[in-house]
Amino acid sequence: MKTFRRLLRDRALVIGVTLVTLLVLAAIFAAPLSNFPSHVTGFDPSQRLKPPGETFWLGTDRMGADIYSRLLFGARLTILISVTATAVAVLIGVPIGLLAGYYERWFSDLLMRVSDVFLAVPQIVLAIAIAQTLGPAIQNVILALSATYWPFWARLVYAETRSLRNEVFIEAAVAMGASPLRIMVLHVVPSIASSIIVRTTIGMGATILAAASLGFLGLGAPPPTPEWGRMIAESREFLPQAWWYATAPGIAILLVVMGFNLLGDGLRDVLDPRIRRGS
Amino acid sequence: MRLLVLALRRCLWMPPTLLGLTLIVFTVSHIIPADPARVLAGENAPIEQVEALRRKFGLDKPLPQQFVSYVADVVQGNMGVSLYTQRPVADDLVERLPATFELALFAMGLAILLGLPLGVVSALMRNSVLDHAVRLVTIAGLATAAFWLAILLQLLFSMELNLTPVQGRIDGWGPDPITGFYTVDALIRGDVDTFFSALRYLALPMMTLAIPAMATIVRFTRAGVLNVMSSNFVFYQAAMGLPRRVVIWKYILRSALIGTLTQIGLVFGNLLAGAVVVETVYSWPGLGTYAYNSILQSDYNAIMGFTLFTGSVFIAMNLLVDIAQAVLDPRGR
Amino acid sequence: MSILEVSGLHRHFPIRNIWGRRTGWLRALDGVSFGIAKGEILGVVGESGCGKSTLGKTIAGIHTPSGGRVDFEGNEIATLTPSAGRALRRNLQYCYQDPGASLDPRWKIGRSLEEPLIVHTDMPKAERMERVQATLRAVGLPERHLDLYPHEISGGQQRRVGLARILMLRPSLVILDEPTSGLDVSVQAVVLNLLLELRQEFDLTYMFISHDLSVVRLFCQRIAVMYLGRVVEIGTTEDVFAAPAHPYTRSLLSAVPIIGGRRIVDTFALEGEPPSPGAIPSGCRFRTRCSFADAKCAAEDPADRVLADGRLVACHYAEKLETSA
Amino acid sequence: MADFLDVRDLSVGFVTENGTARVLDHVSFSMRQGEIMGLVGESGCGKTTLARAILGVLPDNAEIGSGTMGFDGADLLARDTSDLRGRLITFIPQDPFGSFSPLFTVGDQIGELMRWKSPERMPGERRYAASRRRADHARVLAALRDVQLPDAERLLRKYPHELSGGQRQRVMIAMALLPEPKLVIADEPTTALDVTIQAQILKLLRRLASERNASVLFTTHDLGTAWEICDRVTVMYAGQEAETAEVGDFFARPRHPYTGMLLASLPTQGAALRGIPGDVPSPFTPPPGCRFHPRCPRATELCRQTHNETAEPAPGHHVRCHHPQVWPAS
């Protein structure tokens, strides 16, 4: 019970959890929650560019589709992209970081140099290059994002494993005769799991931002699938009259990414109480 | 002397990293797409034209050979011709560089000028109202999509309050270039009107790029200062009754800066990346718009050229940060 | 019969310049030779940087030696590959300064104790648990601790669990690295008594590494004094404390406060600090600080010599030094 | 000779998430001019808190429950002591390495101290006149020679990480004496050093303190060190000053049971090792009355209930115990 009470007291975590849960609920129950589920693909030109009112809570877009409903369905896409891209990046980055960090041999430097090269290119630029060559499609966005984000996890796990390597209990396990694989799986991974979770949560936020940028540049999912980034791009023509058209998706992105960042910060303190609060 | 050698050692790593970068760019442009020649020629180009292009760019030769010739071209600055501007990509990049750099440096300046003091103060006055406000703004700043922020600022300042122009970089034609930086050239010539006009155009794009950068700097400075404040030498200086302001602004800040410096290198890199999106919103005639247009036209060489160029700037930036760190931290020497 | 024979043991760490090229050697162990009899407690004393911890870790196989032999229970274990060495080193365990720190904070205590048995033996589960419980009782802890995590018990109890883990494989030789340093006086006494009980119950031989001379004096039968990577004197505790043969041992003992006795603020004479192990002086390594040093000391690094009373010393003039404290 | 530092009935607690740790419980303690006073005790006994309370650098969550602290005619608790600190009262830390900023040379950091705390500085002086700067520099060189550091000029240009532990502690001692303080608070100054270096530092500190007639409050957990350097010794237990006496009397004829048992468990005694049964009480839930009573063989109902007043069974020998006979005659 005490940890639960401490959790509640940690405002960052509470806000983070609520925002992320809202996103997940919006994605799962997009159909029942939305007023015009048909507007995901269908539209109604007669209702073009209506300001927010009773029928269209967040107004309509240039095709007359209800922005509120499209945002809900857009949430599905956002989760799909950020979860898969981050998962793939973690699956590539963590083992590389673990191997490079645990063994201090030639290949650990090589692996780190390779991840440095990937880190040398600003993520969004490489993602653009990849997404553009493969053409606009969800799986290309996912490939582009995971291909450019895995070095962050490789770097993190490398640093954590390297510092863990001279912890007494690891040296004791080595001295006692446990095999390297056994030490990595049973000692190293559980110890660094908490920082991976924290980094992954924050990484989700960053991936959503990057996916939205790709969408904005027209490299995301092709129309008519609802994609928050592209909705903002479409809205530019109709500013400043259709102010709601640009604002609504932007706020959705803001809240969701903030949710993940707050969740990440909150988890960092909960999972690793040793790290002094207030950082 | 040691410092020079340290820098030299880091420089040694630059060529292999650049080569690695070229390999990635080569892979993306030559290997991933099914038929690069078709992509280059465009969807509806006739077969003969595609074949001609294939021979012209040597795409029929084995991949390693293609890579060697690609590297050879790039080293001589020949990144192929841009379909969009019909001019060598290298020339386009060099011509548009000052616009982006002027914007980036102004944004970075603003981010540091505001970010550092705010980070320090919010650390010193921990858990005060200011601290929570700063943390909230920081978290919001980090979560805001740059392109959306750009549109919002345009909406507010340009369209509603029309304090600043919506897009573009200068009224009419810019001053003929000395450094290529409009503000600097205007100052050199003492031409105050152009200077202020350039500033008015710079205002919004600068702020759009500065806000996320500032948020990162505040966050790391605050963590850095908090970390240093709990160290033994701060306690010793307090025990010896040294004035608090001396301890903070001389000893604590300098130690905290070391940590923040590495982040500033990263932040500058992300700033360059952000420029792609932000420049298009403000149609700022820099590298970003160039990259955006080349995306629309799927202008291959331009995209690859831009990626390679930004990557090398990024690598150089990291090198500069490493050297600055060695200068600041005697233990590194 | 000696359980452990160390002869000419070297362990050097490369010193690299900024270019990464090796420019010299940090000679942490520079030719160490000694033996430990079965059931004995040998004290290894010296100041920081003298190589006593490196010695312990090299014998235990944590560091690979750069030269020399280590014979443990008749087998040469220094030059083996890590895996082969590990099998032979089952009966030799290394105990860290804070044994509690050798426990993975995320593992329950029971599991940490069972691990050595899983790695080294093919004991069935039931037999393993039975030995875990027996060893836990031997260090004076209740069985319910098996389900707790290390942070849920006190520092002292964690130390006992660490010791229990070392005893799981029923070793014959345990290398204790500074087991009492940093402890308050009353806790120190409790730890030393526990170590003595365990020695009795498990028929152990101890190699007791410490910088605290008064603890070594009480606890050990023989003492080896180290300076800058070499053993400069080995002898029984009584002989070494009564009449130290090597000039360094003499200075070391004269620096130890004796409550109620002479005050070092009046009598202590040794000046300067030990040179770095990367730049060991030519000839005898103590000559730069020794008041008896002469040309011969500068030329020739004295070999280990056995004195009349069986003591081993590495000094040209050990017998001739007048016995002034 | 009036007591030059007079701490009376001082209680300090630290407010934390799970309650208040009552670290100092009505401590009274005094020092005479020109003496080296030992403050000994095991970890957690409150000796460091007492030293920091005198220095006026307790952490923000510290709460002073009661007590006064007379020093040189003023009550330290009642006023902001930052002008006194580093001037009349100076400090020698336990960890010399961590007490220097790694980014500035040793010379910069000593210079900084002299700029604000040099004996020649006029109170409220704003500009650091070049003439005073030169005079201070001369003082610094003299002080470094005085602590047996060769080639002082070159040392000033070095960075802290280029000095050995012993050298850094010598610089710390020089810095503590440069402002010509009345009181130097040395918090476990030799604990982090090797035994031969520790001996040199103790010898040096003893000589300089008597030459400068500066009083030194010397905290340590090592009774041997206290025997070496202190004129009088106070032993603390769980936030209470158990016993204070001249150093000879303190070690030969201890009266408080805790002191007796502590001395008995010293390895130098040679006899079979006897620890002290039981554990140190937690400051969050201190036992009533005398805090040693749960582990004390002499404990009576009186000890368990009432506050243990300090008695003076022999001249200059203060014992905070209801049964202050000489130990071990229980």
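Biologist: How many residues of chain B are in contact with chain A, and how many of that side are charged?

Modeller: In this predicted model, 41 residues of chain B are in contact with 39 residues of chain A. The elements of chain B that each give two or more residues to this side include α1 (2-31), α9 (192-229) and α13 (300-328). By class, the side of chain B that touches chain A holds 29 nonpolar and 10 polar residues, and its charged residues number 2.

Biologist: Which element gives the largest share of the side of domain 1 of chain C that touches domain 2 of chain C?

Modeller: The domain assignment of chain C gives domain 1 (2-91 + 171-324) and domain 2 (95-170), and their C-alpha centres lie 30 Å apart. The contact takes 15 residues from domain 1 of chain C and 13 residues from domain 2 of chain C. On the domain 1 side, two or more residues come from β7 (173-177) and from α6 of chain C, and the largest share, 6 residues, comes from α6(C).

Biologist: Is C:Asp203, with its positive phi, buried or exposed?

Modeller: C:Asp203 lies in the loop between α6 (185-202) and β8 (205-210) of chain C, and its phi is near 50°, a positive value in a residue other than glycine. Because 11 other C-beta atoms lie within 10 Å, and 12 or fewer is the cut-off, C:Asp203 is exposed.

Biologist: Is C:Leu228 buried or exposed?

Modeller: C:Leu228 also has a positive phi, of about 50°, although it is not a glycine, and its place is in the loop between β9 (222-227) and β10 (230-236) of chain C. Because C:Leu228 has 22 C-beta neighbours inside 10 Å, where 20 or more is the cut-off, it counts as buried.

Key. Residues numbered from 1 in each chain as written. Chains lettered and ligands numbered in written order. Predicted model: local features only at pLDDT ≥ 70, side-chain atom pairs only at ≥ 80, totals over all residues. Contact = placed C-beta atoms within 7 Å. Helix = DSSP H or I, 4+ residues; strand = E, 2+ residues; numbered from the N terminus. Nonpolar A, V, L, I, M, F, W, Y, C, P; charged D, E, K, R; others polar. Domains from an automatic or database assignment.
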